[in-house]
Amino acid sequence: MSARLLRTNAARHSTGSRATVLVLDRAMDLATPLVHELTYQAMCQDLLEVSGSGVVQRDLRTARGDQQHKVDVLTDDDELWSKYKHKHIAALMGDLPKEFEEFQASSGVVDFQRLKQGGRSADLSDMTRVVKELPRFTKKQEKFSMHIGLSQKIFEVYRDRNLEDVCTLEMDMLFGEDSTGSSVFGTMLKGQTLRADVVRVFRDASEPDRARLLAMLQVTQPQMATELLESGELLAYPSEHAAAEATVKRLARGHPGGRYATRGWKTDRQDFPGYSKGEKVMDNTSRYKPALYWTANDLIDPAKGLDSG
């Protein structure tokens, strides 16, 4: 009975195409979990305290100037969250305020408020329209306030932890070249090398970021990591991350060092123009896509790809 029911349901929901199941080993791509991904959702999870159910707290200043803690929930029922959660933070910081201005400009509630402030009287139809629109307006305005506040908090953490330098170094370690395509290992014409950048950025990085960078260095440039640790130019893992060190070393064995990423960011940008917009922060800090992305993309019609929607 159950077998027949399963076959019936399978036939009913079948699309006629054969599914592809990918069985993966974490060792095939150790770098991706270590990279700071700069999309809105990833940064909320990485830099803010977000619970498993999406609950997040933010500071809110009242009309009287008092500071309050506000509890919000990040959910797909929120159309702004659904729209922006996979956007690069640079795109969010530019687009969200513009959308808020457009929302206010098209709102009858704002028009009514301006009318009253100007000392003019409103007719019955205006007041009726405002009463109907006010609940939706208030709810949407609160959502805008939440996301603008969270994005500002994310930017503050990004700035205070010097994450632009951290993320740029991550990309340089992965690709073995900077955002212009020049080697980061140093030449006679280029005095600044990856080794010097590693020492400089590590010195100013926070403890969690140092642990991630050290793991990334051991994955991408194991010989350099060993030399810098033995010379004392880099500090070893903080004690609470010591267990991770053995795991990274064990899984990273066999990588020769040099260029970790199998496809260059320039190829990425040519194949998927919408991914990089040519902005400095996006080119420097968001050049990488996981090996799984390319594996899955190769299994799909090349004319469409994963980014075609």
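Here is a chat about how some labels on this predicted model were reached.

Reader: What should I know before we start?

Author: This is a predicted model, where local features need pLDDT of at least 70 and side-chain atom pairs count only at pLDDT 80 or more, while totals for chains, interfaces and linings use all residues. Residues are numbered from 1 along each chain as its sequence is written, and side-chain values use heavy atoms, with hydrogens and water left out.

Reader: Why is the pair of Tyr40 and Trp81 called edge-to-face?

Author: Their centres sit 5.2 Å apart and their planes meet at 65°, so edge-to-face it is. Tyr40 is in helix α2 (residues 40-47) and Trp81 in helix α3 (residues 79-84), so the pair links distant parts of the chain, 41 residues apart. As for the word helix, it stands for a DSSP run (H or I, at least four residues; strands are E, at least two), numbered from the N terminus.

Reader: And what makes Phe175 and Tyr288 edge-to-face?

Author: The centres of those rings are 6.4 Å apart and the planes are at 70°, so that pair gets the edge-to-face label too. Phe175 lies in helix α7 (residues 163-175) and Tyr288 in the loop between α13 (280-285) and α14 (291-298), so parts that are 113 residues apart in sequence are tied together.

Reader: Are Phe175 and Tyr288 buried or exposed, and how do you know?

Author: Buried means under 20% relative accessible area, exposed over 50%, and partly exposed in between (1.4 Å probe, protein chains only). Phe175 has 2%, so Phe175 is buried; Tyr288 has 12%, so Tyr288 is buried as well. Tyr40 and Trp81 are both buried too.

Reader: Which residues form an aromatic cluster?

Author: Phe100, Phe103 and Phe144 form one.

Reader: On to charges. How do you know that Lys140 and Glu79 form a salt bridge?

Author: The rule asks for a side-chain nitrogen of Lys or Arg within 4 Å of a carboxyl oxygen of Asp or Glu. The closest N and O atoms of Lys140 and Glu79 are 3.0 Å apart, which makes a salt bridge. Lys140 lies in helix α6 (residues 124-160) and Glu79 in helix α3, so the pair ties together parts that are 61 residues apart in sequence. By this rule the count comes to 12 salt bridges.

Reader: What makes Asp165, Asp197 and Arg200 one network?

Author: Arg200 meets Asp165 in a salt bridge at 3.4 Å, N to O, and Arg200 also forms a salt bridge with Asp197, with the closest N and O atoms 3.5 Å apart. Salt bridges that share partners join Asp165, Asp197 and Arg200 into one network. Arg200 and Asp197 are both in helix α8, 3 residues apart, about one turn of the helix.

Reader: Why is Arg200 called partly exposed?

Author: Arg200 has 30% relative accessibility, so Arg200 counts as partly exposed. Asp165, at 28%, is partly exposed too, whereas Asp197 is buried at 13%.

Reader: What makes a nonpolar core here, and which residues touch the most other members?

Author: A nonpolar core is a set of buried Ala, Val, Leu, Ile, Met, Phe, Trp, Tyr and Cys residues joined through side-chain atoms within 4.5 Å. The largest nonpolar core has 56 residues, and Tyr40 and Val198 touch the most other members. Its largest share, 8 residues, comes from α7.

Reader: Lys289 is a lysine, so why is Lys289 called buried?

Author: Lys289 has a relative accessible area of 10%, so the residue is buried. Lys289 lies in the loop between α13 and α14. Lys289 and Thr32 are 257 residues apart in sequence and 8.1 Å apart in space, C-alpha to C-alpha.

Notes
Phe/Tyr/Trp six-rings, centres within 6.5 Å; stacked < 30°, edge-to-face > 60°.
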